[in-house]
Amino acid sequence: MATLAVLGSVKRAIGDLDRIAAWLRVDGYVLAAPDFNRTTNVVNGCSALLHHIFGREAAQHARTAMGVAATPLSCPVVIAAELALKK
């Protein structure tokens, strides 16, 4: 759901998702208990969905998956991304 929210925000900002040339970086912040060590598994869903929608080449990205003690509005997962756009 966090990835779908990012896609919606990007679409509103640029008008058409076909303008995305590449997903350069994806940062996932997972609201987690101190002993939770599987944040990578949580953010894998984001990467997999991007690969499915945009193809492996355009969706290949650097990534972080951090466990955090708090997020805005207590969202379970927050995704931030850096994109390259076509002109």
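Q: In which helix is Arg12 found, and why is Arg12 called exposed?
A: In this predicted model, Arg12 belongs to helix H1, which covers residues 2-14. Exposed requires over 50% relative accessible area; Arg12 has 67% relative accessibility and therefore counts as exposed.

Q: Which residues of H2 are called buried, and by what cut-off?
A: Buried means under 20% relative accessible area. The residues of H2 in this class are Thr39, Val43, Cys46, Ser47, Leu50, Phe54, Ala58 and Ala59. Their cover includes H1, E1, strand E2 (62-68) and strand E3 (77-85).

Q: Which members of the largest nonpolar core touch the most other members?
A: Among its 16 residues, these are Trp23, Leu50 and Phe54. Two or more residues are given to this core by each of H1, strand E1 (20-31) and helix H2 (39-59). H2 supplies the largest share, 6 residues.

Q: What does Trp23 touch, when residues up to four places away in sequence are not counted?
A: Contact requires heavy atoms within 4.5 Å. By that criterion, the residues touched by Trp23 include Val6, Leu7, Leu50, Phe54, Ala58, Ala59 and Leu83.

Note on methods: Residues are numbered from 1 along each chain as its sequence is written. This is a predicted model: local features need pLDDT of at least 70, side-chain atom pairs count only at pLDDT 80 or more; totals for chains, interfaces and linings use all residues. Side-chain values use heavy atoms; hydrogens and water are left out. Helices (H or I, at least four residues) and strands (E, at least two) are DSSP runs, numbered from the N terminus. Buried means under 20% relative accessible area, exposed over 50%, partly exposed in between (1.4 Å probe, protein chains only). A nonpolar core is a set of buried Ala, Val, Leu, Ile, Met, Phe, Trp, Tyr and Cys residues joined through side-chain atoms within 4.5 Å.
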